[in-house]
Amino acid sequence: MNIAVAGTGYVGLVAGVCFAEKGHKVTCVDVDVNKVELMKAGISPIYETDLEELMRKNYEAGTIEYTTNYIKAYEYADAIFIGVGTPERTDGSADLSYIATVARQIAETVRQDCLIVVKSTVPIGTNDKVEQFIKDFLVHDVKVEIASNPEFLAQGTAVHDTLHASRIIIGTESEWAKECLLRIYQNFNLPIVSVSRRSAEMIKYASNDFLALKISYMNDIANLCELVDADIEDVAKGMSFDDRIGGMFLKAGIGYGGSCFPKDTKALKYLAQKYGYQLKTVEAAVDVNKEQKTRLFYKACDRMITFKGLKAAILGLTFKPGTDDLREAPSLDNIPLLLEAGAAIYAYDPVGTENFRTRYPEGKNDNGTITYVHTPKEALESANICFIFTEWNQIKSITPKEYSLWMQTPLVYDGRNIYKVSDMNQAGVEYHSIGRRN
Ligand code: UGA
């Protein structure tokens, strides 16, 4: 089928490339000329495993193209997927201005019957409004209908998550729309759940918020484990054998980050409030997460007289491994506190350093300083304290012995529970992690 995709961020670009891979003819539209030129040259604007390879392969095969010319892309498309951002407003609600812009462009350009599929995460009921909006502005006498098709890809594994998704959710209000989406996904050979448009919108939020809740719950229990001398890793393992609980997303740590869980929890909380309902479980997940992010720092404050002039090694800046994304990363909560306290920070991250540097330029900052280094060793050499914020393989491969050899004071605060407590203790490292005995 002839598919257009609006927006080439994580959602749009990955979807477009995967549709091309599955035999459709795809045109990806973006407003950014430079981005479009880069994509034509086979360069992905986002850091994502396997993506560039598939981009090049399909571009050479002529199954995908990139353009800023939305008119050409939308005019005779059988389906248009919208994958533009829905950023968080200051009050927690979703900003739908990008969707509105694309909807208007679609209304003014489509010249044949067309299914418009919203992939972006949008508050429940939004697609009803988008459909009305497009119909209000429709220039040509054609049939348009909106469907909801939320995605469940995680950053770092986006291509794999799309091609091997646990399920495809299609939310439609007519047989015509449902049949069209079934045809689009025919070659994916994945389970398809067909529901109403509003239920599909809700499935996306309910899934993300449930995962956020699961993480916050484990972090809450981890904090209690520390007080009662239990071990959260053992507790999680014991829980995981119960199929009703499941073994995934039980990992306690420094709190969830990224663009999705923080945004979607706040958006659902806001939506509930609008209807006069208090979504207490999700509110609790948000509160626990907020405190979790700086717990290690405040633990370190209890141990230290001062951070002034001390070399603090920071291992990991991104919100998780496999991405250069810093959005809601725990490093962004902790580094300002360390700088305020006068620390001399030496930060290492395999891919996130350049992004971080644009927010915190190298050199003096607040009462402290920040220096970016290329290896974990440079960060750790002669350091007085170390904080681990991201579980990159490059960081996991540092041995306990190396901390005691390289650091002036082998004192490690690990937000990702990378090491066995006994291994660190044996190597002479004073080790503090989450939910475990020291
Ligand atoms: C998340 C969901 O996992 C995807 O299914 C969803 O499609 C996506 O949001 C989205 O809405 O677009 P993502 O934010 O990329 O994906 O990353 P995750 O791998 O889910 O990790 C989110 C955060 O949770 C990370 O900070 C991670 O460190 C943390 N986490 C994850 C834990 O602290 N413990 C765990 O057990 C799992």
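Tutor: Helix H12 lies across S13, S14 and S15, running at about 155 degrees to S14. The model is predicted: local features need pLDDT of at least 70, side-chain atom pairs count only at pLDDT 80 or more, and totals for chains, interfaces and linings use all residues. Residues are numbered from 1 along each chain as its sequence is written.

Student: What makes H11 oblique to H12?

Tutor: The axes of H11 (residues 261-274) and H12 (residues 280-303) come within 9 Å and cross at roughly 140 degrees. Angles under 35 degrees count as roughly parallel, over 145 as roughly antiparallel, 65 to 115 as roughly perpendicular and the rest as oblique; H11 is therefore oblique to H12.

Student: Which residues of H11 and H12 meet?

Tutor: Thr 265, Lys 266, Leu 268 and Lys 269 in H11 meet Val 282, Glu 283, Ala 285 and Val 286 in H12, contact requiring C-beta atoms, placed from the backbone, within 7 Å. These residues divide into 4 nonpolar, 1 polar and 3 charged.

Student: What makes S11 and S15 the edge strands?

Tutor: The open sheet has 7 strands in the order S11-S12-S10-S9-S13-S14-S15, with mixed pairing. Strands S11 (363-365) and S15 (430-432) each pair on one side only. The twist averages 25 degrees from one strand to the next.

Student: How do you know that S13 and S14 pair?

Tutor: Pairing requires that DSSP find at least two bridges between two strands. S13 (residues 385-388) and S14 (residues 411-414) run parallel and are joined by 3 bridges, so they meet the definition of a pair. Ile 388 stands opposite Asp 414 in S14.

Definitions and conventions
Axes are lines fitted to C-alpha atoms, for helices over the stretch in contact, and angles run from 0 to 180 degrees between N-to-C directions. Helices (H or I, at least four residues) and strands (E, at least two) are DSSP runs, numbered from the N terminus. Two residues are in contact if their C-beta atoms, placed from the backbone, lie within 7 Å. Ala, Val, Leu, Ile, Met, Phe, Trp, Tyr, Cys and Pro count as nonpolar, Asp, Glu, Lys and Arg as charged, and the others, Gly among them, as polar.
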